[in-house]
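The following questions and answers examine a protein model step by step.

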Amino acid sequence: MGIYMNNAATSWPKPEEVPKAMYQFMTSSGANLARGSSSSRDLETLDLVTTTRERLASFFGGYKDEDPRYVTFTSNVTEALNVVLKGFLWPSSRVVTTSMEHNAVMRPLRRLESERGVKVTVSPCFSDGTLDLERFEQALKEGQDLAVMSHCSNVCGTIQPIEEVSKLCRQYGVPLVLDSAQTAGVLDISARDLGLAALCFTGHKGLMGPQGTGGIVWEPSFAERVKPLVEGGTGSLSHLQVQPESLPDKFEAGTPNLPGIAGLSAALEWIRKTGLETIRKKEKKLGELLLEAILDMKKLTLYGKKTMQGRLSVFAVNPQDGDNATLALKLADEYDIEARPGLHCAPVAHETLGSFPQGALRLSVGYFNTKEEISTVIKALKTLV
């Protein structure tokens with residue numbers, strides 16, 4: 001088995017409890033949600049979904065005493081962001097985002113800009129990926145209906161000053177939507193403490209769950225203002241021919257990914273037992289080893305922050321001679337090391353970092369990496385560049 005250094009794309013391997021929980025659901029339970037006769041299997045599914053909502057509400061510091069009703073399941077963070085943005089922004093709405101965003105934010109905004117006339121402001125970031133707070137505040141002063149941003153860059157690992165951003169948004173009365181794709185499961189995040197309008201998350205990265213899982217933690221009054229993206233059967237209030245307004249049904253039409261929810265629930269319990277701080281410390285320690293070595297390689301250009309302060313263990317590099325795709329291929333072919341070249345679905349971020357149009361090679365550390373693996377990656381890079 002090779003060395004996996006693509007955890008920013010999806011964490012791997014998963015804790016063994018995750019596939020076991022999914023298998024258990026599909027072979028021993030497997031009833032649909034709220035679409036049965038209240039048999040024991042029906043009640044087991046209801047209990048599974050409710051328990052997972054409760055775990056997510058607690059994990060992310062949900063509103064109203066961590067009320068699980070304000071947790072919506074989606075298939076990933078991209079869908080979650082689409083639900084929020086397309087359900088809240090209407091013609092002539094004004095929205096501010098940053099120049100370090102993933103296409104999960106940028107593409108919905110550009111569609112809304114072209115089709116609904118939404119006014120999009122892209123607030124600039126510095127060359128290390130950090131948001132320019134003065135320029136961001138100026139955008140807020142000009143009047144915005146919504147702010148949306150990623151907590152951490154999927155390209156270079158730069159963490160945004162979300163506490164300062166949230167204070168500014170509260171000061172100017174602008175709802176803040178957070179894309180936590182890279183930080184959920186690694187950093188402690190409280191939607192309530194930050195005053196977020198919506199916290200969007202994916203289950204398959206730091207949360208250690210399966211692909212096809214994600215969701216939204218809502219501020220209740222904000223959720224009331226958002227229109228559902230998809231409408232249909234919910235297993236509740238079936239006499240109505242319109243989508244229910246009550247949560248969680250409002251945003252959850254159709255059958256959810258129940259095996260995935262079973263896996264996500266198990267992953268959350270694994271994180272609780274392991275400890276968020278334990279996960280963070282291990283990833284940071286391994287990242288420090290890799291960062292120190294990269295900085296010593298004169299023929300390798302590093303993008304983003306040059307210290308571990310204010311970053312995760314996600315590193316974007318380019319060889320001075322050659323290109324990142326060739327380097328990725330050599331790492332795979334000669335050393336069985338998996339990394340990701342290219343633009344990482346974030347062209348605007350690469351423009352900010354100075355790595356557009358060629359992109360970069362991304363090396364992203366995960367909890368299950370080892371010190372020995374990092375040493376092998378370092379030796380391989382030294383040999384190849």
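## Cavity, pocket and fold

Q: How much space lies in the largest cavity?
A: The model is a predicted one. The structure holds one cavity of 30 Å³ or more. The space in the largest cavity amounts to about 180 Å³.

Q: Which residues that line the largest cavity are the closest to its centre?
A: The lining of the largest cavity consists of 20 residues. By class, 11 of these are nonpolar, seven are polar and two are charged. The closest to the cavity centre are Asn7, Val186, Gly206, Glu283 and Val365.

Q: What is the volume of the largest pocket?
A: The pocket is open, whereas a cavity is a space that the probe cannot leave. For the largest pocket, the computed volume is about 380 Å³.

Q: How many charged residues does the lining of the largest pocket have?
A: The largest pocket is lined by 23 residues, and the closest to its centre are Leu33, Ala34, Leu46, Thr234 and Asp249. The classes in this lining are eight nonpolar, nine polar and, as charged residues, six.

Q: Why does the radius of gyration of the protein chain agree with that of a compact globule?
A: The C-alpha atoms fill a box of roughly 65 × 55 × 35 Å along the principal axes. A compact globule with 385 residues would have a radius of gyration near 21 Å. The value for the protein chain agrees because it is 21 Å.

Q: What percentage of the residues in the protein chain is buried?
A: The protein chain has 14 helices and 12 strands. It exposes about 16500 Å², of which carbon and sulfur atoms supply 49%. Among the 385 residues of the chain, the buried share is 56%.

Q: Is Val155 buried or exposed?
A: Val155 lies in the loop between β5 (146-150) and α7. Leaving out residues up to four places away in sequence, Val155 touches Val314, Phe315, Ala316, His344, Ala346, Ala349, His350, Leu353 and Arg362. The C-alpha atom of Val155 is separated by 22 Å from that of Thr213, 58 residues apart along the chain. Because its relative accessibility is 0%, Val155 counts as buried.

Q: Which residues does Ser166 touch, not counting residues up to four places away in sequence?
A: Ser166 belongs to helix α7, which covers residues 162-171. Its relative accessibility is 2%, so Ser166 counts as buried. With residues up to four places away left out, Ser166 touches Leu176 and Leu194.

Q: What is omega for the cis peptide bond that joins Trp12 and Pro13?
A: Pro13 is placed in the loop between β1 (3-4) and α1 (17-28). The cis bond joining Trp12 and Pro13 has an omega of about -5 degrees.

Q: Where does Pro357 lie?
A: The peptide bond from Phe356 to Pro357 is cis, and its omega is near 10 degrees. Pro357 lies in the loop between α13 (347-353) and β12 (361-364).

Q: What is the phi of Glu66?
A: Glu66 is found in helix α3, residues 63-66. At 29% relative accessibility Glu66 counts as partly exposed, because this value falls between the limits of 20% and 50%. Although Glu66 is not a glycine, its phi is positive, at about 60 degrees.

Q: Where does Ser92 lie?
A: Ser92 is not a glycine, yet it has a positive phi of about 75 degrees. Ser92 lies in the loop between α4 (77-88) and β3 (94-98).

Definitions and conventions:
Residues numbered from 1 in each chain as written. Predicted model: local features only at pLDDT ≥ 70, side-chain atom pairs only at ≥ 80, totals over all residues. Heavy atoms only, no water. 1 Å grid on protein atoms, 1.4 Å probe; cavity = no way out; pocket = protein on both sides within 12 Å on 5 of 7 lines; lining within 4 Å. Points joined across faces, edges and corners; volume = space filled by probe spheres on them. Nonpolar A, V, L, I, M, F, W, Y, C, P; charged D, E, K, R; others polar. Helix = DSSP H or I, 4+ residues; strand = E, 2+ residues; numbered from the N terminus. Rg over C-alpha atoms; globule rule 2.2 N^0.38 Å. Buried < 20%, exposed > 50% of the residue type's maximum accessible area, 1.4 Å probe, protein only. Areas by Shrake-Rupley, 256 points an atom, 1.4 Å probe, with all protein chains shown as cover. Contact = heavy atoms within 4.5 Å.
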